[in-house]
Amino acid sequence: MTSKTTIASTLLITAATAVSGTAMAADYSGGLHDNDSKWLSFNLMHSEDNRLPFRNAQDTYLEMEFGGRSGIVDLYGYVDFFDVLDDSSDDQSEGDNVFAKLAPRFSLDGITGHDLSVGPVQEWYIATVTNIGDNGPAGGLWEHYVGLGSDIDVPWFGTMGLNLTARYVRENYGGPDEGSWDGYMASTDWFKPFYTFGNGDFMAYQGYLDYKFGADTVGSQPGRSSNSLEWFNGIYYHNQRFAIGYGLKIYNNMAFYEDGSEASGVNQDTSGPGHYFSINYMF
C-alpha cells in the first residue's frame, strides 16, 4: 500500500506541474463551509455498443447522478438502473440491475488549514473511488481506489480534476485479483461551456478519462489485460432544468479483457467506440 500510493503521488505531481499556467488557490477565508454546494440530476440514457466483456450491450437505463461540496468533502457519484423500460430486447434484460460509483475526495487544504496550491494546482485531495456491481451467479464487483487528487487550472478548459489512485479489489466476479492490491487508475474530468445563447442556455463539452494500468495479477490470466481505458466525450445542450446530449465513448480493453482474444471462449470486442444519448432533468 505505501509503495503504491507513493508512486501514485509522484506521478500525479509530475503530471499536474507539467500543465502551464497559475491557478487560483482554494478560498476558505469565509469559513470551511463557504464553498458548499450540491446538485442532483436524473438522466434517461440509451447506450449503443457499450463494449462490455462477452458482448456489446445496448441498454436504456436510468441514472441518478449527484455531487457537491460540504466542508472538506468534494463528492461525485451515480447509480445506474439497467433496462429501466423492462424491454425483453434490451441486452441487460434479466441481467445485472444496478451499478453504483461513489467518489468522495477529502481536501488536504481544508484538513490542514493551509494553502497548498502550487503552479496550476488549485487544491489537493485524498481521492477515493468505490465501484459496486450486482452480485449474481458469477459473483459481483466491489473495488476501491485511493490515492492523491487535485483540481488543476488548464488553458481553455478551466478547472479539471486530476487523480491518481491505487486499486484494491474486494470482489471481481471471482477473478484472481480479489482480496489484493492490483494496479492503478489515472483519471480526469472536465465541464467546459463553450457557447452561450442569448437566453442563458449553453452548450458544453463535458466528460472524463479513466486509464487503469499495472494490474499485473488479473493481466497475467489468459485473455486478460493489465490496462484498460474509458474516455467519454459529451456535447450537451443545457438550460436551467434540462440537458440533452450525445456522448462518444472510446474503450480499450474494457474491464481488463484483451480485445480480440478468444481465451475466454468468445472473441472479445472490448476496444473501439460506444455511443450514448441522454435526456437529463436537474433538481
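# Close-up views of charged pairs and nonpolar clusters

**Figure 1. The side chains of R167 and E143 meet in a salt bridge, with 2.9 Å from N to O.** The pair connects distant parts of the chain, since R167 belongs to strand β7 (residues 158-172) and E143 to strand β6 (residues 141-154), 24 residues apart. Helices (H or I, at least four residues) and strands (E, at least two) are DSSP runs numbered from the N terminus. The model is predicted: local features need pLDDT of at least 70 and side-chain atom pairs count only at pLDDT 80 or more, while totals for chains, interfaces and linings use all residues. Residues are numbered from 1 along each chain as its sequence is written, and side-chain values use heavy atoms, with hydrogens and water left out. A salt bridge here is a side-chain nitrogen of Lys or Arg within 4 Å of a carboxyl oxygen of Asp or Glu. R167 is buried, with a relative accessible area of 1%, and E143 is buried as well, at 4%. Salt bridges with shared partners join E143, R167, D177, D182 and K212 into one network. Buried means under 20% relative accessible area, exposed over 50%, and partly exposed in between (1.4 Å probe, protein chains only).

**Figure 2. R69 and E123 form a salt bridge whose closest N and O atoms are 2.9 Å apart.** R69 lies in strand β2 and E123 in strand β5, so the pair ties together parts that are 54 residues apart in sequence. R69 counts as buried because its relative accessibility is 12%. E123 also counts as buried, at 5%.

**Figure 3. D269 is joined to R51 by a salt bridge, with 2.7 Å between the closest N and O atoms.** At 33% relative accessibility, D269 counts as partly exposed, whereas R51 is buried, with a relative accessible area of 10%. By the salt-bridge rule, the count for the model comes to ten.

**Figure 4. D109 is buried yet has no salt bridge.** The residue lies in helix α2 (residues 108-112). D109 counts as buried because its relative accessible area is 3%. Which side chain of opposite charge is nearest to D109? It is R69, 7.4 Å away; Lys and Arg count as positive and Asp and Glu as negative, while His and the chain ends are not counted. Leaving out residues up to four places away in sequence, D109 touches Y28, H114, D115, L116, S117, Q122, E123 and W124. Contact means heavy atoms within 4.5 Å. D109 and A26 are 83 residues apart in sequence, and their C-alpha atoms are 7.6 Å apart in space.

**Figure 5. The largest nonpolar core has 15 residues.** Those with the most contacts inside this core are M45, Y61, F99, Y236 and Y276. At least two residues of the core come from each of β1 (37-52), β2 (55-70), β10 (228-238), β11 and β12. A nonpolar core is a set of buried Ala, Val, Leu, Ile, Met, Phe, Trp, Tyr and Cys residues joined through side-chain atoms within 4.5 Å. Neighbours within four places in sequence aside, Y236 is in contact with M45, F202, M203, A204, Q206, A243, I244, G245, Y246, S278 and N280. Apart from this core lies another one, of nine residues, among them W124, I152, M160 and L162.

**Figure 6. G133 is found in strand β5 (residues 121-133).** Is G133 buried or exposed? G133 is buried, with a relative accessible area of 14%. Beyond residues up to four places away in sequence, G133 touches V98, F99, G140, L141 and Y173. The C-alpha atoms of G133 and Y246 are separated by 25 Å, and the two residues are 113 residues apart along the chain.

**Figure 7. L44, V84, L85, F242, I244, I279, Y281 and F283 form a nonpolar patch on the surface.** Together these residues have about 780 Å² of accessible area. The elements that contribute two or more residues to the patch are β11 (242-252) and β12 (272-282). Such a patch joins nonpolar side chains (Val, Leu, Ile, Met, Phe, Trp, Tyr) within 5 Å, and like charges within 9 Å, among residues with over 30% relative accessible area and no salt bridge. Areas come from the Shrake-Rupley method with a 1.4 Å probe; for residues, only the protein chains shown count as cover. F242 is found in strand β11 and counts as partly exposed, at 43% relative accessibility.
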